[in-house]
Amino acid sequence: MSATGAQPLVLGIETSCDETGVALVRGHDLLVDAVASSVDEHARFGGIIPEIASRAHLEAMVPTIERALATADVSLGEVDAIAVTAGPGLVGPLTVGASAAKALAIALDKPLYGVNHVIGHAVVDELVDGPFPERVMALVVSGGHSSLLLLDDTVDVTELGSTLDDAAGEAFDKVGRLLGLPYPGGPHIDRLAREGDPHAIRFPRGLTAPKDQARHAADFSFSGLKTAVARWVEARQDAGEEIPLPDVAASFAEAVADVLTAKTIAACRAHGVETLVVGGGFSANSQLRDMAAKRCAEAGIELRIPPIRYCTDNGAMIAALGSAVVRRGLPPSSLDLPVDSSMPLTQVLV
């Protein structure tokens, strides 16, 4: 607790990829969430360039911290704890954020918590819809992750399944490139899909065949789907036919949302979970949101999806997880905490 007896004030820093996020959270209340993005600097390369992202974080770190403090009208001296993304993510960007957090922890003599980026994507919903029940299912879907996590008391995490190849967001970006759409492809496919027929083309659903259920009931695979889209488009091009982009986008997006929601609902039933949280950048996808809402309603499962602004990488998710860790009295990280690009999803804290 802080000196005033209020909930601890946690400063969160996120630098796992191309967003520099800084937020302040007290308990379950978000005071400010400041973000500086370098996504436009990567667009001409068709993907994230780690060196460019690292340099952007270096340039944005101090101004973003100062902007967050000014907006919340608090001083650094009022901060009770500092949380920072320790992984997963890109090593260079992670190192920039961790270095800044370590410097602040030393200068302010405050505890430091190196937390898990992916779990933060789920826990940020506590800032929107309130504390989690004792047990929740979390589907975290982004450019790098498609993971099913079982959360007990928020910080006790069991990984039930993950992607075996391309993550959902990654598949969207690759199909977007295939269709000649700007980077990142996800929002453009989402927009096109709203104009198309999701049943126009029957694309495959990976790892849904009976032979796959025993070993991969909660796992995902989108590489085969991506290849199927490529072959379908190539066949039409070879035949000199026009490509119906809205129908391709809608049918592809339908296949992804179908697999994600079907496997997630099945996992909720198998583990007796009544609350589902969907987070990560890909949770902004309208087909996924619509299908998850429909299937959760049919199954009697409460669906919690934070607003789109909290789906992409941000400091609020790290401050929220840091706050959850602090409230439960978990020991802080050491000042020489390492960053881990492949940090296990069962590890909440370094």
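I searched the whole structure and got 14 salt bridges, counting a side-chain nitrogen of Lys or Arg within 4 Å of a carboxyl oxygen of Asp or Glu. This is a predicted model, so local features need pLDDT of at least 70 and side-chain atom pairs 80 or more, while totals for chains, interfaces and linings use all residues. Residues are numbered from 1 along each chain as its sequence is written, and side-chain values use heavy atoms, with hydrogens and water left out.

I looked up Arg 135 and Asp 152 next: their closest N and O atoms are 2.7 Å apart in a salt bridge. The pair links distant parts of the chain, strand E6 (residues 135–141) and strand E7 (residues 146–152); strands are DSSP runs of E, at least two residues, and helices are runs of H or I, at least four, numbered from the N terminus. Asp 152 is buried at 16% relative accessible area, whereas Arg 135 is partly exposed at 33% (buried is under 20%, exposed over 50%, partly exposed in between; 1.4 Å probe, protein chains only).

Then I checked helix H6 (residues 168–178), where Glu 170 and Lys 174 sit four residues apart, about one turn. Their side chains meet in a salt bridge, 3.3 Å from N to O. I also found Asp 166 and Lys 226 linked with Glu 170 and Lys 174 in a network of salt bridges.

Last, I turned to H2. It bends by about 40 degrees at Ala 60, and Pro 63 follows within four residues; the bend is the angle between axes fitted to the seven residues ending there and the seven starting there. Asp 73 comes after H2, with a positive phi near 60 degrees.
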